[in-house]
Amino acid sequence: MRREVPLVLTAIVGITMIIAHFIPPLNILKNLFEDWFFIIAAFAIYLGILNLILINGDKIYKKQKGWPFGVVVILGFLVITVIGIFFSGGKSFQDPGTPFYYIYMNLYYPLSATMFALLAFFVASASYRAFRARNVEASMLLGAAFILMLGRVPIGYWVSAGLGHALAYAADWIMDFPQTAGQRAIMIGIALGVVSSALRVILGLERAYSAGE
Amino acid sequence: MSGEVIGVWIGAILTLGIFSFLYKDNPFYKFSEALFVGISAGYWFVVTFWQYFVPKFWDNLALAYSELLTKGRVDYHWIYLLGGFFGVLMLLRLVPKIGWLSRWSLAFIVGTTAGLQFTRYLESNGIRQVVGTIKPLLVSGNMNATIGNIIIVVGTFCGLIYFFFSKEHKGAFGGAARVGIWFIMITFGAFFGYTVMSRMSLLIGRMDYLFGIWLGLY
Amino acid sequence: MSKRENVTKARAGKSVTLDLSFLFLIFLALFLLFGQSILAEEVPTAQEEIAIPKDSVLPVPPTNVIAKDIPNDKGGAITISWERSADDGGGAKNVTGYEILRSTKRDEGYEHIGNVPPGATSFSDNVTKDKVLYFYKIRAISPTGTSESEPSAPAFSKRQWFDFSRLSLFILSLIIGFAIFYFIEKAKSEKGLFIRKIAGLEAVDDAVGRATEMGRKIIFIPGIMDMDSMQTIAGVTILGRVAKLAAEYEAKLEVPVSKSLVMVTCREVVKEAYLNAGRPDAYNDDMVYYLTDDQFAYAAALDGIFLRDRPAAVFLQGQFYAEALILAETANSVGAIQIAGTAMPTQLPFFVAACDYTLIGEELFAASAYLSKDPKLLGSLKGQDVGKFIFLLAILIGVVFLTLNSVLGLNLPDLRELFKGI
Amino acid sequence: MNETTNQEKKTFWEKLLSIDRRIIFLFIAVAISVPLFFKTSLDMPVSPVVQEVYNAIDKLRAGSKVLVSFDYDPSSMPELQPMAESFFRQCFRKNLKVIIMGLWPQGPLQANIALEQVFKDEDIKAKNLQYGIDYVNLGFTAGNEVVIDRMGHDFRESYPADSRGTPLSEIPLMKGVRNYDNIDLILNLSAGYPGTMEWVQYAVDVFHVKLAAGNTAVQAPSMYPYIQTGQLAGVLGGMKGGAEYEIAIKNPAKAVSYMFSQAIAHAVICFFIIIGNIAFFSLRKKKTS
């Protein structure tokens with residue numbers, strides 16, 4: 001039961017999804033499975049959140065180092081959840097003017113956008129410390145990156161003005177040809193990797209997800 | 001102070017809180033981080049509740065129930081109960097003895113994905129790209145297109161050779177694989193350049209928020 | 001520890017793979033050509049265009065009305081297309097829209113089923129009875145009056161049991177699927193499939209060993225996506241192998257994850273690995289824990305963990321997005337050995353730059369098979385190579401044909417046509 | 001003598017390499033912020049892939065229907081919002097009918113923010129565009145690529161009603177729109193998954209509709225193979241793509257004004273890479289000699 005049911009379930013669902021791609025009447029089944037998928041996904045997210053609360057609750061209860069931040073996590077979660085579920089007009093909770101929207105725009109958005117923006121600093125530091133023309137391969141990576149970084153902004157356009165804006169055109173050329181070729185090889189490789197992995201999963205060979213007793 | 005002004009102040013202070021990490025890890029950052037973790041968990045809870053749980057599960061059952069009440073017939077929408085059943089199995093993970101039941105839901109998820117991605121990747125990332133690579137190596141009267149086509153064909157061909165697993169990269173085969181990895185590296189270079197571009201743009205947005213919207217300096 | 005105990009080299013000489021692949025290819029070509037003939041469904045012929053002299057009052061009627069079944073669907077719909085009235089956008093420029101009329105008889109009984117604005121050239125009739133013949137007319141409307149097109153040829157909607165537009169994809173799926181299946185079966189009976197070295201994987205032992213020596217943690221991150229991603233599944237499989245090594249070396253392993261399903265799975269996998277290594281006592285559930293679903297909150301939390309715990313080795317195996325750079329940079333700054341692997345091309349450059357070893361794209365999928373040393377999984381890698389071989393051959397033949405056509409003016413077939421349908 | 005200079009040099013390069021990363025951070029902060037105070041408008045050429053996007057829209061006749069999918073959230077606003085505004089400007093000036101939707105929960109909201117901006121333009125205000133006739137916002141539907149797939153059969157499978165709750169059958173603009181067959185062009189603004197790749201895989205490859213896209217710069221290179229095969233008409237890559245597009249529609253706005261900061265930042269990064277490499281090679285030379 002523990003091992004067999006998951007394997008059989010995966011195989012049935014997987015094969016149905018593949019066949020439905022070719023047999024239109026099976027679309028009904030495919031649509032149903034997809035809807036279930038999203039229901040299960042919602043529960044999966046709830047499971048994750050429950051875990052988060054349990055971990056932080058435990059931290060507070062045991063007065064572990066930094067427990068006050070655990071309180072911040074739980075309070076933050078509770079406030080936005082209660083407001084979003086009960087006080088923001090149901091399904092239209094995201095409309096401008098709702099309390100949920102206010103929290104979203106003034107807390108969630110600045111926090112997440114700033115997290116993204118931190119990347120600008122890390123990119124700079126990584127370029128300085130990690131990007132070395134160690135060998136031919138790394139030099140090619142660097143060379144292409146250089147031409148693109150300069151060619152794709154107005155600076156490259158001016159700098160190479162005497163050369164007929166060569167830098168800007170070189171950037172376009174790299175994107176159109178060598179970049180596309182390399183990209184395509186990666187894509188085709190990944191496609192085969194996915195196909196093969198999917199098949200292994202459906203055949204029950206790759207059973208990491210159903211591991212254990 | 002209007003709600004909007006207060007909002008900008010809160011946003012700006014939290015922005016500085018996150019940025020303070022750049023100097024060093026500190027309580028101000030830890031607070032902002034903890035708040036972010038809590039708020040994002042709450043945000044996703046609310047979003048999944050209204051946009052997955054309610055429309056896909058609740059609404060379908062409500063429909064089935066009203067059909068039963070008004071017309072007295074058992075509607076096929078009841079089948080969504082089974083989806084909910086799998087969902088609940090997922091939560092059983094928290095009950096130690098029967099936690100293994102959550103694997104059934106997982107199996108369902110994995111099967112759906114495997115099935116969907118099988119055909120999709122084979123077509124869009126496989127066949128379509130192969131077809132796109134079939135080009136004449138000589139376009140009469142068009143030097144640019146000729147060179148471009150040669151590069152695309154050679155680059156894709158050699159790149160694919162690099163990914164062969166069952167053959168040692170030796171001799172001509174190894175040479176081709178090496179050319180392939182060069183193309184792959186140029187691709188990575190392009191990604192690097194573009195990613196730098198992207199990150200800088202996001203920082204511009206944040207700085208504009210701090211200096212323009214919050215402080216109103218220009 | 002020898003990494004390739006079971007992976008010995010196959011018999012040299014004439015490769016069976018090659019023969020089979022050629023066979024596949026011939027089959028492929030035949031099937032596809034056959035498929036094309038099935039594909040070529042009869043298209044209702046267009047009505048003869050009747051030249052109508054331009055009236056000074058009424059708009060010029062639309063022409064060339066074509067109705068046809070929407071192919072490869074579950075029925076119940078017909079699509080209608082036409083050419084605009086000459087007064088729509090040109091001529092008198094006074095067409096304000098079109099009405100769509102439908103009847104089951106050619107000359108009478110037309111009812112109005114919908115409107116479209118000027119400029120439109122198509123309409124979908126979504127409420128048809130299957131296998132009933134319908135005629136359609138388009139009526140151009142202008143302030144000065146209306147004029148109707150000639151009726152279309154009759155069309156009927158039908159449900160299709162097989163989507164023939166996807167026949168070539170279907171056949172290719174079968175071929176590649178069969179190739180993978182074949183080599184899996186073959187690997188079961190025949191020992192010794194050769195798989196080339198993958199540098200990143202050779203370093204796993206060293207990384208785990210180093211962590212043990214330093215008495216610091218190993219942190220394994222299986223990406224930020226859920227179990228529905230093939231990359232996560234591959235990452236989790238690799239985790240199984242790393243966990244087993246960690247158990248053997250008695251190194252401390254920690255797996256912070258961002259999806260609860262991944263947590264569930266990782267716990268099972270790690271637990272099993274410890275069990276197999278004979279150290280079930282060393283396992284506890286807290287080794288695998290959930291942080292948050294949110295991408296940047298997760299990255300921020302991991303950042304904190306890296307800085308506070310200073311792990312000796314960091315594994316980044318799975319599907320990553322923007323957080324990849326933060327993770328790799330921070331781990332690099334605390335001096336951890338990093339072995340990364342992802343199939344996300346956008347993030348690979350950062351891994352290549354900041355990590356000690358990186359599995360590129362397909363290598364990630366291969367890694368799980370390679371590490372498990374399960375002959376069946378290795379067989380599937382061989383099958384994948386057959387897929388690549390077919391693709392390479394298709395490119396080669398296609399390119400040669402097209403080039404010969406271009407250089408010598410020959411008229412060899414264009415292989416691209418085979419896949420036009422999908 | 002020689003010995004000591006060698007020693008000194010070595011320590012200099014080593015010092016340079018182990019420089020506190022906060023100094024680098026400071027450089028970046030200054031490089032980005034200072035140019036913001038100079039209101040400059042830089043001239044730049046429009047690259048072919050951007051021109052293709054412009055052309056794809058420009059070719060459409062008045063009254064054609066354009067589906068715009070907003071697949072991003074505020075985190076990517078600096079890159080994608082300028083594109084969104086320019087898209088609307090070009091579409092409305094050409095009198096195209098615009099159908100808005102989103103695969104990200106926050107997407108349709110971003111569309112509203114952009115619309116608000118665009119409606120401030122005099123020429124567009126003068127057109128007196130009507131909701132439901134000239135444009136419509138279908139809102140967000142959960143389901144990622146599945147939504148795209150189902151819309152290929154019938155929009156109503158994914159969107160029974162628009163974001164205001166009006167059934168599609170009662171919206172004049174949606175009459176006669178069953179699926180992609182009745183759409184002349186799809187525009188997609190995306191910051192990740194689900195996004196342009198899913199639109200290519202599920203809408204273009206399966207239902208053969210024309211697609212043009214605006215992407216964050218991170219994503220843009222992944223789209224080039226699709227452009228080359230014709231699966232995608234063109235792509236606007238990041239803020240630079242947005243700026244070029246603003247120039248293409250002859251309406252320079254935010255993206256163009258940010259370009260100065262962008263340019264300086266790139267120059268600083270390149271400078272860092274060069275210094276880092278010089279240091280690296282000097283050290284290596286020392287070691288080998």
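What percentage of the 422 residues in chain C is buried? In this predicted model, the share of buried residues in chain C comes to 55%. The secondary structure of chain C consists of 11 helices and 13 strands. When contacts in chain C are limited to residues at least 6 apart in sequence, 69% of them join residues at least 24 apart.

Along the principal axes, the C-alpha atoms of chain D fill a box of roughly 90 × 40 × 30 Å. Of the contacts in chain D with a separation of 6 or more, 75% are made by residues 24 or more positions apart.

We turn next to the contacts between chains, beginning with chains A and B. Chain A brings 101 residues to this contact and chain B brings 99 residues. On the chain A side, α1 (4–20), α2 (27–61), α3 (67–86), α4 (99–130), α5 (136–151), α7 (166–176) and α8 (178–202) each supply at least two residues. The most comes from α8(A), with 20 residues. By class, the side of chain A that touches chain B has 75 nonpolar, 18 polar and 8 charged residues.

Chain A also meets chain D, through 36 residues of chain A and 34 residues of chain D. Two or more residues of the side of chain A that touches chain D come from each of α2, α4, α5, α6 (154–159), α7 and α8 of chain A. Here α4(A) has the largest share, with 11 residues. The side of chain A that touches chain D divides into 21 nonpolar, 8 polar and 7 charged residues.

Two packed helices are described by the angle between their axes and the distance between the axes. For helix α2 (residues 27–71) and helix α3 (residues 80–91) of chain B, the axes come within 9 Å and cross at roughly 140 degrees. The two helices, α2(B) and α3(B), are therefore oblique to each other. The crossing in which α2(B) passes α3(B) is left-handed. On α2(B), the contact is made by B:F57, B:N60 and B:L61, while α3(B) contributes B:Y80, B:L81, B:G83 and B:G84. This contact has 4 nonpolar, 3 polar and no charged residues.

Returning to chain D, helix α10 (residues 220–229) has 10 of its 10 residues buried, so it is largely enclosed by the rest of the structure. The buried residues of α10(D) include D:M223, D:Y224, D:Y226 and D:I227, together with the two prolines D:P221 and D:P225. Just after α10(D) comes D:G230, with a positive phi of about 85 degrees.

Several backbone details in the loops of chain D complete the picture. Most residues other than glycine have a negative phi, and most peptide bonds are trans. The peptide bond from D:Y193 to D:P194, however, is cis, with omega near -10 degrees. D:P194 sits in the loop between β4 (185–190) and α9 (196–207) of chain D. D:N144, which is not a glycine, has a positive phi of about 50 degrees. This residue, D:N144, belongs to the loop between β3 (135–140) and α7 (145–153) of chain D, and is buried, with 20 other C-beta atoms within 10 Å. D:H208, another residue other than glycine, has a positive phi near 55 degrees. D:H208 lies in the loop between α9 and β5 (211–215) of chain D. With 12 C-beta neighbours inside 10 Å, D:H208 counts as exposed.

Key
Residues are numbered from 1 along each chain as its sequence is written. Chains are lettered from A and ligands numbered from 1 in the order in which they are written. This is a predicted model: local features need pLDDT of at least 70, side-chain atom pairs count only at pLDDT 80 or more; totals for chains, interfaces and linings use all residues. Two residues are in contact if their C-beta atoms, placed from the backbone, lie within 7 Å. Helices (H or I, at least four residues) and strands (E, at least two) are DSSP runs, numbered from the N terminus. Ala, Val, Leu, Ile, Met, Phe, Trp, Tyr, Cys and Pro count as nonpolar, Asp, Glu, Lys and Arg as charged, and the others, Gly among them, as polar. Axes are lines fitted to C-alpha atoms, for helices over the stretch in contact, and angles run from 0 to 180 degrees between N-to-C directions. Angles under 35 degrees count as roughly parallel, over 145 as roughly antiparallel, 65 to 115 as roughly perpendicular and the rest as oblique. A crossing is left-handed if the near helix is turned anticlockwise from the far one by less than a right angle, and right-handed if clockwise.
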